[in-house]
Amino acid sequence: MHIFITRKIPDVGLKILDENNISYDIGNFKKPPTKKDLIKSLKKKNYDGIITFLTDTIDKEILDVCPNIKIIANFSVGFNNLDIEELKKRGIMTSNTPGTSSIAVAEHTVALMMSLTTRLVEGDRFVRSGKYKGWDPELLVGTDMKGKIIGLIGCGEIGTEVAKILNKGFGSKILYYDIVKNNKIEEETKAELKEIDEIFKTADIISLHVPLLPSTTHLINKDTLSTMKSSAFLINTSRGGVINEKDLVNALKNKIIRGAALDVFEYEPKLCSGLNKLSNVILTPHIASSRASARNQMAEIVVKNVVSVLKEGKVINSVIK
Ligand code: NAD
């Protein structure tokens, strides 16, 4: 049995492959491989499976060059890079790594919220640029986290952790919108399930935690932005396509909302024109889950799915429902 891993995964995963006598080739790419790169690599051998990353688009063209594939194991919670219908049609088992990065992403989300409310990144830029000439009572006046109404759009694994940190740490009132009622978080934090329009209208900080699906694409657009409070902050650690980035840039420029913090971008790694010029925006390079703990757990789960499919014909964390 032989698999292709598009880029290096932590050793803990490679060790499990070795123990199970599954050999592997690892793509030697310095940056995310293009479709052409992937096709060239996959043509070299008759692989039984592929470990993919969120930057690898797996579609008909890719699958055509590896007819023996039994498993696509995605090293990620999100799986919008995979053509699920095509994989289903071909009977290829497909997995993700649910729950592996919830704590990391939730902590990063709260860090972004606090960086906006405290104006921390603006302060850092101000000092480094040599503009700091002495204490000033009106300099970079921030806003409290305490007492803010938090609106979560999507309250699954990550949304739940965000709700817990904010409710326990700041006593925040949590409102959430989801297609599934989250009884656990309602009991634990008194969170309330609301219509999405009500979240947009009432929340002081809106944080996105939905997968990228046709139903969530451009959920944040010029119309929904215009219904938010002008004092509201928007945080996105889910997927860039949930926001119409051009509309967000316009809203931030025109002070329709107060600020935003983004870990993910609509056309990653490209930024929408004007985004990096705005001072009321914090940008991080899709690093919310970048922790050794999360990466090791992801490697373990991704490989366990490969082993289970190749040895027993069963996928553990199927994304095909
Ligand atoms: P999850 O599946 O546990 O939660 C997603 C929630 O969204 C679920 O409760 C689901 O019911 C809800 N949902 C689905 N469609 C919806 C819709 N149309 N409207 C409202 N709610 C809807 O996933 P999670 O672990 O919380 O992760 C959420 C997303 O975060 C992932 O899909 C992934 O794209 C992203 N993510 C980003 C990073 C990062 O590094 N920035 C890391 C991990 C995950």
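A: A polar contact is a pair of N or O atoms within 3.5 Å. Keep that cut-off in mind for this predicted model.

Start with Asp 263. An N or O atom in its side chain is 3.0 Å from a nitrogen atom of the ligand. Thr 237 uses its backbone instead. One of its backbone N or O atoms lies 3.0 Å from a ligand nitrogen. At Ser 289, a polar backbone atom is 3.5 Å from an oxygen atom of the ligand. The protein buries 86% of the 860 Å² that the ligand exposes when taken alone.

Now widen the view to the shell. The ligand is surrounded by 26 residues. Asp 263 and Thr 237 are among the closest, along with Glu 157, Ile 158 and Asp 178. Sorted by class, the shell holds twelve nonpolar, ten polar and four charged residues.

Next, the whole chain. The domain assignment gives domain 1 as 2–100 + 292–312, and domain 2 as 102–283. Their C-alpha centres are 32 Å apart. Seven residues of domain 1 and five of domain 2 make the contact. Together the two domains bury about 480 Å², with 52% of it on carbon and sulfur atoms. On the domain 1 side, Leu 54, Asn 80 and Gly 99 supply 67% of the area buried against domain 2.

What links cross this interface? Two residue pairs are in polar contact. The count of salt bridges is zero. The domain 1 side has two nonpolar, five polar and no charged residues.

Conventions: Residues numbered from 1 in each chain as written. Predicted model: local features only at pLDDT ≥ 70, side-chain atom pairs only at ≥ 80, totals over all residues. Heavy atoms only, no water. Near = heavy atom within 4 Å. Polar contact = N/O pair within 3.5 Å; in protein donor to acceptor, adjacent residues only side chain to side chain. Areas by Shrake-Rupley, 256 points an atom, 1.4 Å probe, with all protein chains shown as cover. Nonpolar A, V, L, I, M, F, W, Y, C, P; charged D, E, K, R; others polar. Domains from an automatic or database assignment. Contact = heavy atoms within 4.5 Å. Buried area = accessible area lost by both parts, 1.4 Å probe. Salt bridge = Lys/Arg side-chain N within 4 Å of Asp/Glu carboxyl O.
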